[in-house]
Amino acid sequence: MSDLLSLTAVAARSALDKKECSASELTAAYLKAIEDTADNNAYVAVTAEKAMDMAKASDTRLAKGEGGALEGIPVGVKDMFCTKGVETTASSQILKGFVPTYESTVTSHLWADGAVMLGKLNCDEFAMGSANETSVFGPVTNPWTAASGDLKGKALTPGGSSGGSAAAMAARSCLLAPGTDTGGSIRQPAAFCGMVGLKPTYGRCSRRGIVAFASSLDQAGPITRDVADCALMMTSMAGHDAGDSTSIDAPMPDLMAALSTGVKGMRIGIPDQYTLEGMNQEIVALWEKGRAWLEDAGASCVPVSLPHTQYALPAYYIVAPAEASSNLARYDGVRYGQRVEGATLDDMYAKTRGAGFGDEVKRRILIGTYVLSAGYYDAYYIKAQQVRRLIQQDFLTVFEQVDALLTPSTPTAAFPLGEKMDAVSMFLNDVFTVPANLAGIPAISVPSGLSSDGLPLGLQLIAPALREDTLIRGAAVIEKAAGFDYVATGAAS
Amino acid sequence: MLLPLQQLFVTRLVITPMTIDKDTIPRIARLARLEIAPERQSALSEELASILSWVEQLNALDTSAVEPLASVTGHDLPLRDDIVTDGNDPDAVLSNAPEKTSNFFVVPKVVE
């Protein structure tokens, strides 16, 4: 086959079955694409030998007719997933040299289904960031570039924290990419890079073996080239795991079937509070188009109210740092990771952590420690948890009237790397994505159009807990109507 | 020049200036066992103050009757059978230790 890189995972899987190509050829093509696009800094480690070994094993299974659902499909893994025998750093200095002795449950599922591991992908340090600029390995460049306007000629962010994953997908240097999403870290980079990104219901994917950021919010999910690949990969990643006490034991709906169900008769809510003062008119216009596409396909769209939306971001920026400060206490220079010697044990802890964590991680540890400290706990942490309840209640109420919600994925398209932005402005990237994490409900970003500068824009669908099938139904309709078939200028060919 | 995101939110960011005293950063850095370079402390103090000012908006909501939400799943923490399912593998446990000796992690002396 002439152009292996242009195949989606579903198409590649079918080509492997028909012997139109081998898993080894497919993996070799992706390893070459990684070399050709190395300038974007998406990969922090390439496991070429392991990839070719896994691909050969896939070819053997395919020859016997024993290929799994993802047999021979090349995958790039965000460096937040522990991979047995392969260095896992969460893009942090403090974990340099850490080689896990076990595999994360989610990646185990992918390998059990026959997928091939290409390497580890860059991300924000401990997934804390929205521009992939807090990584110890340096920023990732978005393979998309502006065709016109002020951004023309500038290197753009792929978003974050799964920036390397979304960039590698857009650069066609991997065919599937598992990400993690605590406040939008799958959906925002997917939107910035023209990819599909799904954050499932909290508990759908086991957190075992994923470097912990904020445990009540963290969820793994797929970043893929289209909605069908998303359905395929989501099905593989999910599943109950006794190794994660918050794992849900509920069957996943048939997502492949949901691809062709359509949205006839579905009720879609358009939340009033997601219209922001001074919002980018292109985003508003795209949102309106999305609504028309769903109505043309037989859905009815109605305005709905989520009255506590504006409080989601500040509540999130209490809850997430609080949990992070607790989770990151484990990096003490004793059991794993880097150590800086000190005169006393406390001195060693402080020096190790002072040298090992970057500025953004330190800032969040300090915020988290502050809001959990004596005298402030009730005023900040308990208050934020109460607001979180109100936000969840908003969604529960609105889902009595509608099947799903339609919103933009992000308030802007990709912005330039290296822009000076204060912490609060950077947080605002996540304004449309954070509420779903707080409520633990599933949400998907679908590439839906280009800005006037030629940059990808995404629409988000949000569904009630456990209704990933609703997301896939709506996303398939939006994808078809949008006809988004653009390829990044920085993609391998 | 304001970035697009800042322009977008400038009307929403009504921040009442808040100050935190100069001892706060050293105090919480000590609680977090986190060494902060002295020259970074005043900048961090300002950053922390601006974030805390921004989250102050939560106080506009009366939440006195609201139960805090700690877990979205709502299910009870499952208990597993009290049996050994893993273990007896000190080499794996110690394989990433910065310093170890005969099946122990080594730390600086804590008892005189």
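V75(A) has M117(A), in β3(A), as its bridge partner. The model is predicted. Chain A contains 16 helices and 11 strands, and 68 of its residues are in contact with 49 residues of chain B.

**Sheet in chain A**
- Strands of a sheet pair through backbone hydrogen bonds, in either a parallel or an antiparallel arrangement.
- An open sheet of three strands in chain A runs in the order β1-β3-β2, and its pairing is mixed.
- β1 (43–46) and β2 (74–78) of chain A are the edge strands, each pairing on one side only.
- On average, neighbouring strands of this sheet are turned by 35° against each other, direction ignored.
- Helix α2 of chain A, residues 23–36, packs on the sheet and touches β1, β2 and β3 of chain A. The direction of this helix makes about 15° with that of β3(A).

**Contact between chains A and B**
- The contact joins 68 residues of chain A with 49 residues of chain B.
- On the side of chain A that touches chain B, at least two residues each come from α10 (312–327), α11 (345–356), α12 (359–372), α13 (377–398) and α14 (423–427) of chain A.
- α13(A) gives the most to that side, with 10 residues.
- Sorted by class, the side of chain A that touches chain B has 33 nonpolar, 22 polar and 13 charged residues.

**Helix α2 of chain B**
- I25(B), I28(B) and A29(B) are buried in helix α2 of chain B, residues 24–31.
- These residues lie on the same side of α2(B) because they cover an arc of only 105° around the axis.
- An α-helix has 3.6 residues a turn, so residues three or four places apart point the same way.
- The cover over the buried residues of α2(B) includes α12 of chain A and α3 (38–55) of chain B.
- R33(B), which follows α2(B), has a positive phi, near 50°.

**Overall form of chain A**
- A compact globule of 493 residues would have a radius of gyration near 23 Å, and the 21 Å of chain A agrees with this.
- The C-alpha trace of chain A spans about 65 × 55 × 50 Å along its principal axes.
- Of the 493 residues in chain A, 63% are buried.
- Among contacts in chain A between residues at least 6 apart in sequence, 79% join residues at least 24 apart.

Key: Residues numbered from 1 in each chain as written. Chains lettered and ligands numbered in written order. Predicted model: local features only at pLDDT ≥ 70, side-chain atom pairs only at ≥ 80, totals over all residues. Pairing = 2+ DSSP bridges. Helix = DSSP H or I, 4+ residues; strand = E, 2+ residues; numbered from the N terminus. Axes fitted to C-alpha atoms, helices over the stretch in contact; angles between N-to-C directions. Contact = placed C-beta atoms within 7 Å. Nonpolar A, V, L, I, M, F, W, Y, C, P; charged D, E, K, R; others polar. Buried ≥ 20, exposed ≤ 12 C-beta atoms within 10 Å, placed from the backbone. Arc of directions from axis to C-beta. Rg over C-alpha atoms; globule rule 2.2 N^0.38 Å.
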